[in-house]
Amino acid sequence: MTFAPLAVGAIIVVTLITMVVGALGIRVARTPDDFMVAARAVPPFRNAAAISGEYLSAASFLGVAGLILKDGLGMLWYPVGYAAGYLMLLLLVAAPLRRFGAYTIPDFAEGRLGEPRLRQVATVFVLVIGWFYLLPQLKGAGLTLHVLLGTPYWVGVGVLAVVVTSNIAAGGMKGVTFVQALQYWIKLVAIAVPAVVLLGVAGGLHRDELSRPAPPVFSTATTIKVQTSVTLNVLTPVSVTADGLVDGSRFDGPLTLDVGKHDVRNGAVLIFPAGATAPHASGLPVLDGQSWVSPFVNAGHRGAHPLASTYSLIVATFLGTLGLPHILVRFYTNRDGRAARRTTIIVLMLLGGFYLFPAVFAVLGRLRDPGLYVTGQTDSVVLVLPHALISGIGGSVLGALVAAGAFAAFLSTSSGLLVSVAGAMAHDLLRGGVRTFRRCAVVAGAVGLVAGLQVQRFDLNLLVGWCFAIAASTFCPLLVLGIWWRRLTWVGAIAGLVLGGGSSSVAIILTMLGVGQNGWPGVLLGQPAIWTVPLAFVAMIVVSRATPAYLPADLESKLLQLHLPEALRPRHPAYGEP
Amino acid sequence: MRAADVVEAGRHSVNSRAFDENGEYRDVLLHSLMRAQFGLTLSFIALAVGVLISLPLVVGLAPSLATRHLFGLPLTLAVLGIAVYPVLVVIAIAYVRLAERTERHFLDLVEKL
């Protein structure tokens with residue numbers, strides 16, 4: 001394809017920036033502390049940019065636009081929830097967690113409740129969440145290189161896994177911290193500039209254009225090259241010009257696709273006339289405008305109970321953020337509790353600024369490039385829309401920009417995740433030093449690589465949403481109750497982690513295996529947070545109440561550490577003072 | 001938040017015996033601070049959740065609203081795509097102001113002891 005060289009160049013530049021700055025960090029990263037959390041006291045603005053840089057993943061950069069294009073504006077709940085999660089984090093954990101001075105969630109768990117076995121259980125869920133969250137990043141990389149270069153899916157997965165693993169094993173987070181902040185700005189520019197230009201080129205939005213009562217139509221004659229074989233679900237007969245294998249016969253000329261299913265093999269070229277209704281790849285819901293603009297999750301799916309799905313997603317994303325291990329580590333790098341609060345406000349601003357733009361791609365994709373519904377590759381809308389709407393060098397430059405932004409997203413999020421996972425293995429399970437950390441990084445990267453190859457067929461945001469559901473059902477109750485409820489015991493904490501984490505993980509694995517596609521089972525297994533989060537809270541409370549003998553001995557001093565403003569603290573290492 | 005506040009609270013260390021190892025009011029003071037902060041957190045969660053979850057509820061009750069337009073954009077896009085983000089930031093700033101005021105009052109109280 002003509003646009004490949006520029007995009008590949010841009011991806012290489014972003015990757016080199018990451019590796020070079022990571023390599024520069026080697027000279028200063030000498031102790032395990034340096035590897036795990038960069039030197040403390042990062043100023044709030046830079047820390048906020050680093051948190052946002054680490055947080056905005058493949059799901060945000062590519063997935064949000066793709067999901068909205070496919071399932072409608074109700075999917076805006078994903079970015080809204082991703083941002084609102086930081087408000088919950090601010091309200092419930094930001095300042096106390098920093099004041100407590102724990103590096104990681106397992107540190108917090110053992111420090112607060114005084115039981116090494118609780119640390120082990122918490123560590124297991126750090127690994128589960130971290131690995132789960134790596135999958136959409138790897139899928140994003142596989143998809144991006146496939147769309148840009150036509151390489152098989154495993155190439156992108158492999159490239160990302162190798163780059164990130166070697167970078168982490170070499171330099172740790174010391175080098176990455178700086179690059180994370182930079183990568184936020186790369187991602188913002190890479191999505192904002194193309195979005196604004198494309199909106200200008202497309203001539204804005206006409207009133208009622210989105211909510212008209214029919215599925216999308218081609219506004220101009222459109223040529224579609226089918227790269228991956230697809231089954232089309234035709235609801236309105238459409239006359240096309242076909243060149244290739246359709247329904248097992250070779251065509252080279254006019255062809256009418258009647259109502260029903262039609263198999264189109266890869267390599268086929270279909271030319272749709274202006275005004276034709278776009279048939280959808282099977283598996284994609286066919287939405288009229290009214291369903292597409294509705295504010296519900298899964299509005300277009302039959303028997304999906306949209307209100308319940310919407311609220312379940314809200315629970316998962318609002319409460320999941322404050323249980324993400326790789327994000328919480330960053331709060332330790334604030335100077336004090338006040339700085340942690342300021343950092344969180346700035347994160348909200350930075351994320352809000354970013355999330356204005358993915359919807360632009362979804363809206364323009366639906367109106368101006370309905371061919372995406374034909375190929376079914378809705379997750380690639382951000383990557384392909386510049387080329388679809390702007391011909392020649394302009395489209396190539398913008399295309400290269402979004403490709404670079406997408407790679408920045410994969411690199412920064414998977415780096416942060418790998419540091420957390422490797423850190424949890426080395427620090428919490430094996431209690432080793434720098435060399436153990438390096439080895440754990442390689443093992444963690446290899447596990448991620450193998451798992452990443454299996455998830456090609458899942459939407460990016462579905463994978464991320466599941467990860468949030470597990471985080472919300474485990475670390476959210478642990479932190480909230482640990483900070484605000486004096487009667488929490490380690491026995492109760494373990495009961496809640498095991499029940500909440502176990503039930504949400506099982507629900508998600510069943511969904512991945514195809515159990516419960518429709519109706520209530522589909523909602524409760526596919527979006528489990530609505531019942532697994534309350535279950536975890538109730539388990540922690542009930543079991544703690546039943547086991548008051550296991551309260552930590554020095555409970556009051558733990559609570560002082562969490563809640564006492566800095567001005568009242570004795571200058572003592574136990575209070576997290578430098 | 002004025003810059004002066006940040007500098008002041010960051011540097012100055014309150015001299016009080018209330019939080020020495022066995023200060024007699026220590027636990028009472030701590031519990032009152034925790035209760036005040038948690039009350040603030042709960043009211044802000046109620047506010048944020050109330051604002052955010054009302055849209056699906058309202059449209060669930062009156063489906064025709066979904067096709068209405070606001071500033072030339074479909075309602076869902078205008079609210080969930082744009083308006084919600086500044087609202088989140090305003091709620092966050094208001095919370096931090098009140099949480100820090102609670103802490104200042106607490107410091108004043110402790111200083112008097």
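How many helices and strands are there in chain B? Chain B has three helices and two strands, where helices (H or I, at least four residues) and strands (E, at least two) are DSSP runs numbered from the N terminus. This is a predicted model, in which local features need pLDDT of at least 70 and side-chain atom pairs count only at pLDDT 80 or more, while totals for chains, interfaces and linings use all residues. Residues are numbered from 1 along each chain as its sequence is written, chains are lettered from A and ligands numbered from 1 in the order in which they are written, and side-chain values use heavy atoms, with hydrogens and water left out.

## Chain B

Read from the N terminus, the elements of chain B follow the order α-α-β-β-α. Of the 113 residues in chain B, 41% are buried; buried means under 20% relative accessible area, exposed over 50%, and partly exposed in between (1.4 Å probe, protein chains only). Contact means heavy atoms within 4.5 Å. Among contacts in chain B between residues at least 6 apart in sequence, 69% join residues at least 24 apart. Chain B exposes about 6300 Å², and carbon and sulfur atoms supply 62% of this area. Accessible areas come from the Shrake-Rupley method with a 1.4 Å probe; for residues, only the protein chains shown count as cover.

## The interface of chain A and chain B

At the interface, 53 residues of chain A are in contact with 53 residues of chain B. The two chains bury about 5000 Å² between them, with 75% of it on carbon and sulfur atoms; buried area is the accessible area (1.4 Å probe) that two parts lose on being put together, summed over both. In chain A, the residues that lose the most area to chain B are A:Leu91, A:Arg338 and A:Trp484, together 13% of what that side buries.

Between the chains there are eight residue pairs in polar contact, both residues being at pLDDT 80 or more. A polar contact is a pair of N or O atoms within 3.5 Å; within protein, one must be able to donate a hydrogen and the other to accept it, and residues adjacent in sequence count only if both atoms are side-chain atoms. The helices of chain A that each supply at least two residues of the side touching chain B are α5 (77-92), α11 (306-320), α13 (337-355), α14 (358-368), α19 (460-484) and α23 (555-563). The most comes from α5(A), with 10 residues. By class, this side of chain A has 36 nonpolar, eight polar and nine charged residues. Here Ala, Val, Leu, Ile, Met, Phe, Trp, Tyr, Cys and Pro count as nonpolar, Asp, Glu, Lys and Arg as charged, and the others, Gly among them, as polar.

## Salt bridges

A salt bridge is a side-chain nitrogen of Lys or Arg within 4 Å of a carboxyl oxygen of Asp or Glu. Over all chains, the whole structure holds 15 salt bridges, and five are found across the interface of chain A and chain B. The table lists some of them.

| Residue | Partner | N to O distance |
|---|---|---|
| A:Arg99 | B:Glu103 | 2.8 Å |
| A:Asp428 | A:Arg119 | 2.3 Å |
| A:Arg341 | B:Glu100 | 3.9 Å |
| A:Asp554 | A:Lys558 | 3.5 Å |

A:Asp428 lies in helix α17 (residues 393-429) of chain A and A:Arg119 in helix α8 (residues 116-149) of chain A, so this pair ties together parts that are 309 residues apart in sequence. A:Asp428 is buried at 1% relative accessible area, and A:Arg119 is buried at 7%.

A:Arg341 is buried, with a relative accessible area of 3%, and B:Glu100 is buried at 4%. In the remaining pair of the table, A:Asp554 is partly exposed at 38%, whereas A:Lys558 is buried at 15%. Salt bridges with shared partners join A:Arg99, A:Arg338, A:Arg341, A:Arg342, B:Glu100 and B:Glu103 into one network.

## Two sites in chain A

A:Ser504 is located in helix α20 (residues 490-512) of chain A and is buried, at 0% relative accessibility. The side chain of A:Ser504 reaches the backbone oxygen of A:Gly500 at 2.8 Å. Leaving aside residues up to four places away in sequence, A:Ser504 touches A:Ala469, A:Ile470, A:Ser473, A:Pro528 and A:Thr532.

A:Asp247 lies in the loop between β3 (238-246) and β4 (249-257) of chain A. The phi of A:Asp247 is near 50 degrees, a positive value in a residue other than glycine. Most residues other than glycine have a negative phi. A:Asp247 is partly exposed, at 38% relative accessibility.
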